[in-house]
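Please view the sequence and the structure before reading on.

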Amino acid sequence: MRYHFQYCQAAAVIITALLLTGCVFSLLPDSGLPSGGEPGPDSGSAPPPSGPELVVPLTDGFDFPVGDQNGKGWGVTGYGFLDWSSYSGTWHPGEDWNMYGSPLADWGQPVYSVAHGIVRFSGFNTAQGNIVMIEHHLPDGRTVWSQYAHLEQRWVAEGEIVGRRQIIGTVGRGPNNRFSPHLHFEIKIKYLPQNGWPRTNGQAWPKAKVREYWAHPSEFIKAHRPAK
Ligand SMILES: [Zn+2]
């Protein structure tokens, strides 16, 4: 009993000494202290809302996702909408945007939200790399989703309200830099999750079914330009 009391006393003295010197933090397996690494692409953006759903502002028109609001200096020089993609064995449900000039010129260039909306997905998938998907509520009651893939960085978080022309990330090369830099851009007119792709059990959907879910991105934007 006497021995046990002394042991406890000694242990208390040691712990007190460690606390006073601050050494105890380095003994804990996970102190929760910041590790001091590089800021992640999401740092600085607001956390997703935990309370009632934020009010999503109605769209006041759509702009192009790269370049100026008219897409100046950029073009769909990769796969266009409903081109046959031999890479994925499907009809391509979006547009591949590149900056004119050197093939690497667009790497790291800003990508803009095409309209007001709310971020429904901001994350990574192994097929397309970093993806942002934004839900847009049109004044006529329709809902559409714009999706931006192969991003180098994502600057927005799920649940965040974004404005038209807000930078939501940068142009990248997809997972493990597998592609030459470009923006893969889609507009969905019927909901599909971020990893939705026009294929079932390895079979490509027919074009007519792809059209049920996706709009031609450039034509959709041209038909919904903001008022001057
Ligand atoms: Zn693409």
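Seven bridges connect strand 7 with strand 8 (residues 143-154), and the two run antiparallel. The model is predicted: local features require pLDDT of at least 70, side-chain atom pairs count only at pLDDT 80 or more, and totals for chains, interfaces and linings use all residues. Residues are numbered from 1 along each chain as its sequence is written. Strands (E, at least two residues) are DSSP runs numbered from the N terminus, and two of them pair if DSSP finds at least two bridges between them.

Strand 7 also pairs with strand 6 (residues 117-125), again antiparallel and through seven bridges. The table lists one facing pair from each pairing.

| Residue | Opposite residue |
|---|---|
| Ile 118 | Glu 135 in strand 7 |
| Val 132 | Tyr 148 in strand 8 |

A hairpin of three residues links strand 6 to strand 7. The hairpin of strand 7 and strand 8 has five residues between the strands, and Gly 141 there takes a positive phi near 100°.

Seven of the nine residues of strand 7 (residues 129-137) are buried, so this strand is largely enclosed by the rest of the structure. Buried means that 20 or more other C-beta atoms, placed from the backbone, lie within 10 Å of the residue's own.

The largest nonpolar core has 32 residues; Val 132, Ile 134 and Tyr 148 are among those with the most contacts inside it. Strand 8 gives this core its largest share, five residues. Such a core is a set of buried Ala, Val, Leu, Ile, Met, Phe, Trp, Tyr and Cys residues joined through C-beta atoms within 7 Å.

Note on methods: Buried ≥ 20, exposed ≤ 12 C-beta atoms within 10 Å, placed from the backbone. Helix = DSSP H or I, 4+ residues; strand = E, 2+ residues; numbered from the N terminus.
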